[in-house]
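Me: Please go through the helix packing and the chain contact in the model below. Keep it plain.

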Amino acid sequence: MLAAKPLYELSIADAGKLLRSGDLTSVALTEHALQRITALNPLLHAFVLVTPERALADAERADHELASGIDRGPLHGIPYALKDIYETAGIRTTCHSKLRMGYVPDADATVELKLKAGGSVLLGKLATHEFAFGGPSFDLPFPPARNPWNLDHFTGGSSSGSAAAVAAGLVRMAMGSDTGGSIRGPASYCGTVGLKPTYGLVSRRGVYPLSYTLDHCGPLTATVEDAALTMQVIAGHDPRDPASHDGPLPDFTASIGQDLTGLRIGYPRHFFVNADGVSTEVVNSIDAATQQLAALGAAIDEIRIPDFELFNSCGRIILLAEAYAIHEHDLKTRPLDYGRYTYQRMIVGATISAADLVQALRLRRELATQFNKEILGKYDAVITASALTPSPRLDEFSADAPLKTAVQTIPFNVTGNPALSIATGFSSSGLPLGMQIIGRAFDEPTLFRIGAAYERAAEWIARRPRLELPIAV
Amino acid sequence: MYIQDNDALERELDALLAREGISVPPDRRAGVVAGYAEFKRMSALVRQPRMAASEPSNIYSLDVILRSV
């Protein structure tokens, strides 16, 4: 029998149970999602392309297979969407840029292949910052996505459409990418869960690169369990990704539901409380979250880690150098086809010397070694802020300002450790606040254990954005 | 930290961009100058005293190359 919740609020696990019991069809779930997209996307601009024919064909196949006793796993029959830097065979993939408007790949990204093989249902392609870097920009082929909690506010980026779509209940799972925080920042601003997995755990093949050694692919979801179920499908070795990890995979859901007894969590409060512009509401919400985690059984110790600006400088120099190398030809020959933000930020990569890059790479080894040996040698996880403030207004961005560091996420792109962003409450203005939980390499199950225990106790996920709907979906 | 005046910073930026054959569209120049100033700050931070044997994070690994051959 159908649950009392509206279909868009069904978790992936609950929808899966209903699909398998025959009380729900993937076609019904997909039609509901498509109606909701039709109603809300004109406000949110989360999708840059909706693929209803593909979605309904996927859903019909999923229903037929389940009825025939074929079960492809936890995402079978579940709708999803992809940030528009994931290549999709026969479906336009623009990177939200004038430079790629006519590009239709002839092959799928590895993640898309895995989602297809898992019986999932593609709803469409999602807004991003141009090439996952610029933004929020109004001079691109599509407008920037808007925050479902307040349409005048920024979603964060660059997985902007992914976060907006999940927060608004257009889809339960959307793939994003994270080079300096592009999953965790939007997750924090939009009140969703966002996982940057361990570097190498999810294939990057077929996802347009921004920075080869910092790029991570991962999901944005409505709950921690939804993220764990997604990892069951998308993680794994890919010989066509040179950085892909070739090792055994854990059961990502195995620790969900356990309490936190016996876990040691480090809390480098200094890392964000002294940052420029940090919001008191963010600090208070993370302090309260650590108290909640202690009440759930974890031992919390205040610790110190290297200064954020060291990580930030290291990561930004590597990112700029790698991004410029990728875009050098087009930046020189088609400068005005790039949006203003993307161009202004990316062209600076032309000025980086070989020595600058090597010094950053030497520092990267030092920071990653220190963090993994001295901190995660003692602690099961570390907690710090994702974004330093609630989401700013879209009209607060200055056209000529340098790239801001209003999110403290790049340190764990530098180290490659997994990091999970989850909501820790709401500001007085009704905007989400968040924290990130960082773990040992390939220990996502501990992050899911901590995140799910906190999520269940804090109950922030019960709160939904109040969107004015022209139709009842 | 050594602070460069704006004129010197812009001259240095112009020289580096010219070496690369890049002509920045005039209406985008202010943002590029701001981004370059930020880069210079970061560049100073990553230049710390190190032992010569302190190797970079992406040191060449033949194992990795051979894995995908």
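Me: How are α10(A) and α12(A) oriented to each other?

Reply: This is a predicted model, where local features need pLDDT of at least 70, side-chain atom pairs count only at pLDDT 80 or more, and totals for chains, interfaces and linings use all residues. Residues are numbered from 1 along each chain as its sequence is written, with chains lettered from A and ligands numbered from 1 in the order written. Helix α10 (residues 308-333) and helix α12 (residues 354-375) of chain A pack at about 135°, axes 9 Å apart. Angles under 35 degrees count as roughly parallel, over 145 as roughly antiparallel, 65 to 115 as roughly perpendicular and the rest as oblique, so α10(A) and α12(A) are oblique.

Me: Which residues of α10(A) meet α12(A)?

Reply: Residues are in contact if their C-beta atoms, placed from the backbone, lie within 7 Å. On the α12(A) side the partners include Leu357(A), Arg364(A) and Leu367(A). From α10(A) come Leu310(A), Phe311(A), Cys314(A), Ile317(A), Ile318(A) and Ala321(A).

Me: How many residues of chain A touch chain B, and which element gives the largest share?

Reply: In the contact, 37 residues of chain A face 30 residues of chain B. Elements of chain A giving two or more residues to that side are α10, α11 (340-346) and α12. The largest share, 11 residues, comes from α12(A).

Definitions and conventions. Axes are lines fitted to C-alpha atoms, for helices over the stretch in contact, and angles run from 0 to 180 degrees between N-to-C directions. Helices (H or I, at least four residues) and strands (E, at least two) are DSSP runs, numbered from the N terminus. Two residues are in contact if their C-beta atoms, placed from the backbone, lie within 7 Å.
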